[in-house]
Amino acid sequence: MIALTSKQRKVLEKAAHHLEPVVIVGQNGVNDGVRDMVVQQLAAHELIKIKFIAFKDEKFSLSEELASACDTTLVRVIGNIAILYRESDDPEKRQFHL
């Protein structure tokens, strides 16, 4: 997990604006399946969105827990959407050079 400056956070938020959520948190909450999906999606994409259909009251704490468990950075929670970022291990696949 990396610490982001406000400028880096702004760049990632702008890049995430057009993205559709690839992970949905429903009535089962944040379970192993959701964690596995986040890890899988972050391997394919550096920046993802997670939508909270249920557990909207706990979205901040669940987003932080998910980011910590998946070794990723929580960029921001906007509405019921969390934006997560993890730099790609492959330098050729990196979209953002922060």
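A contact here means heavy atoms within 4.5 Å. This is a predicted model, with local features needing pLDDT of at least 70, side-chain atom pairs counting only at pLDDT 80 or more, and totals for chains, interfaces and linings using all residues. Numbering runs from 1 along each chain as its sequence is written, and side-chain values use heavy atoms, with hydrogens and water left out.

**View 1. The chain's contacts and its box.** Take the contacts in the chain between residues at least 6 apart in sequence: 66% of them join residues at least 24 apart. The C-alpha atoms fill a box of roughly 35 × 25 × 25 Å along the principal axes.

**View 2. The largest nonpolar core.** This core, a set of buried Ala, Val, Leu, Ile, Met, Phe, Trp, Tyr and Cys residues joined through side-chain atoms within 4.5 Å, has 17 residues. Buried means under 20% relative accessible area (1.4 Å probe, protein chains only). Val34, Val38, Ile50, Leu66 and Leu84 have the most contacts inside this core. Apart from it sits another core of nine residues, including Leu4, Leu12, Ala15 and Ala16.

**View 3. Around Leu84.** Leaving out residues up to four places away in sequence, what does Leu84 touch? Its partners include Val38, Leu42, Ile50, Ala67 and Val75.

**View 4. Burial across the chain.** Of the 98 residues in the chain, 41% are buried.

**View 5. Chain dimensions.** The chain's radius of gyration, taken over C-alpha atoms, is 13 Å, which agrees with the value near 13 Å for a compact globule of 98 residues. That globule rule is 2.2 Å times the number of residues to the power 0.38.

How values were computed. Buried < 20%, exposed > 50% of the residue type's maximum accessible area, 1.4 Å probe, protein only.
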